[in-house]
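Colleague: I have not looked at this one before. Can we go through it piece by piece?
Modeller: Fine, here it is.

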Amino acid sequence: MHTIGPCLTILTDMRPLGTAGQLEKRRRRATALLRAGKPYREVARVVRASLSAVVRWHQAYRRDRRSGLRARPVPGRPPRLTKVQQERLRQLLLRGARAAGHTTELWTLKRIAMLIDRRFGVRYSPVGVWKLLRHGLGWSWQKPERRALQRDDTAIEQWKTQEWPHIKKRRSTWGPPRVSR
């Protein structure tokens with residue numbers, strides 16, 4: 001990662017875009033072009049890869065043939081909750097925070113971490129809970145809507161439909177339109 005100026009960051013050395021299958025197809029295309037006699041630089045340009053990557057792919061192909069270019073599992077630590085446990089967690093979260101014994105319906109990362117520890121015996125930090133929710137369950141952050149406890153929705157709707165139209169200033173239809181400056 002390189003930083004240019006106070007706010008601009010360029011990410012380098014990242015995995016290229018595409019699924020594992022698409023990237024494998026790209027590697028196989030590159031080796032097919034090399035076997036057809038194309039030079040490394042031309043192959044790199046055609047498949048939009050670095051020269052060193054094309055050389056590595058060709059070496060892997062010569063060493064292991066088909067399996068040298070095969071897509072591999074995504075590296076990283078496996079999740080601590082299984083898919084079944086993640087689905088169970090989703091159901092528990094959908095029931096609401098009150099069903100889990102909290103005084104309000106607001107789920108916080110700390111509350112979810114405590115729920116995971118109680119139900120599954122797995123400890124998560126708030127950051128780990130966020131990653132689990134975001135990537136494991138596909139959830140996003142939601143800000144709760146604040147409403148007064150004394151709110152009367154029927155009175156509000158009545159005011160919007162009956163009072164507001166009389167108060168609202170209407171543009172006169174007979175005059176010239178306003179010109180913006």
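Colleague: Is R90 buried, partly exposed or exposed?
Modeller: This is a predicted model. In the model, R90 has a relative accessible area of 23%, so R90 is partly exposed.

Colleague: Which residue does the side chain of R90 meet in a salt bridge?
Modeller: E87. The N to O distance is 3.2 Å.

Colleague: Where do E87 and R90 sit relative to each other in helix α4?
Modeller: Helix α4 covers residues 83-95, and the two are 3 residues apart in it, so about one helical turn separates them. E87 is partly exposed too, because its relative accessibility is 37%.

Colleague: How many salt bridges turn up in the whole structure?
Modeller: A search finds 5. One of them joins D117 and R123, whose closest N and O atoms are 3.7 Å apart.

Colleague: And R123, buried or exposed?
Modeller: Exposed, since its relative accessible area is 64%. D117 has 29%, so D117 is partly exposed.

Colleague: What does the side chain of K38 meet?
Modeller: The side chain of E42, in a salt bridge of 4.0 Å from N to O. K38 is partly exposed because its relative accessibility is 39%. E42 is at 30%, so E42 also counts as partly exposed.

Colleague: Changing topic. At what angle do the axes of α1 and α3 cross?
Modeller: Roughly 80°. Helix α1 takes in residues 20-35 and helix α3 residues 51-64, and their axes come within 10 Å. The two helices are therefore roughly perpendicular to each other.

Colleague: Which residues make that contact?
Modeller: On α1 they are R26, R27, A30, T31, L34 and R35. On α3 they are V54, W57, H58 and Y61.

Colleague: Now the surface. Which residues form the nonpolar patch there?
Modeller: L109, W130 and W141. Together they have about 330 Å² of accessible area.

Colleague: Where does W130 lie?
Modeller: In helix α6, which spans residues 126-136.

Colleague: Why does W130 count as partly exposed?
Modeller: Because its relative accessible area is 31%, and partly exposed is the class between under 20% for buried and over 50% for exposed.

Note on methods
Residues are numbered from 1 along each chain as its sequence is written. This is a predicted model: local features need pLDDT of at least 70, side-chain atom pairs count only at pLDDT 80 or more; totals for chains, interfaces and linings use all residues. Side-chain values use heavy atoms; hydrogens and water are left out. Patches are made of residues with over 30% relative accessible area and no salt bridge: like charges are joined within 9 Å, nonpolar side chains (Val, Leu, Ile, Met, Phe, Trp, Tyr) within 5 Å. Accessible areas come from the Shrake-Rupley method with a 1.4 Å probe; for residues, only the protein chains shown count as cover. Helices (H or I, at least four residues) and strands (E, at least two) are DSSP runs, numbered from the N terminus. Buried means under 20% relative accessible area, exposed over 50%, partly exposed in between (1.4 Å probe, protein chains only). Axes are lines fitted to C-alpha atoms, for helices over the stretch in contact, and angles run from 0 to 180 degrees between N-to-C directions. Angles under 35 degrees count as roughly parallel, over 145 as roughly antiparallel, 65 to 115 as roughly perpendicular and the rest as oblique. Contact means heavy atoms within 4.5 Å.
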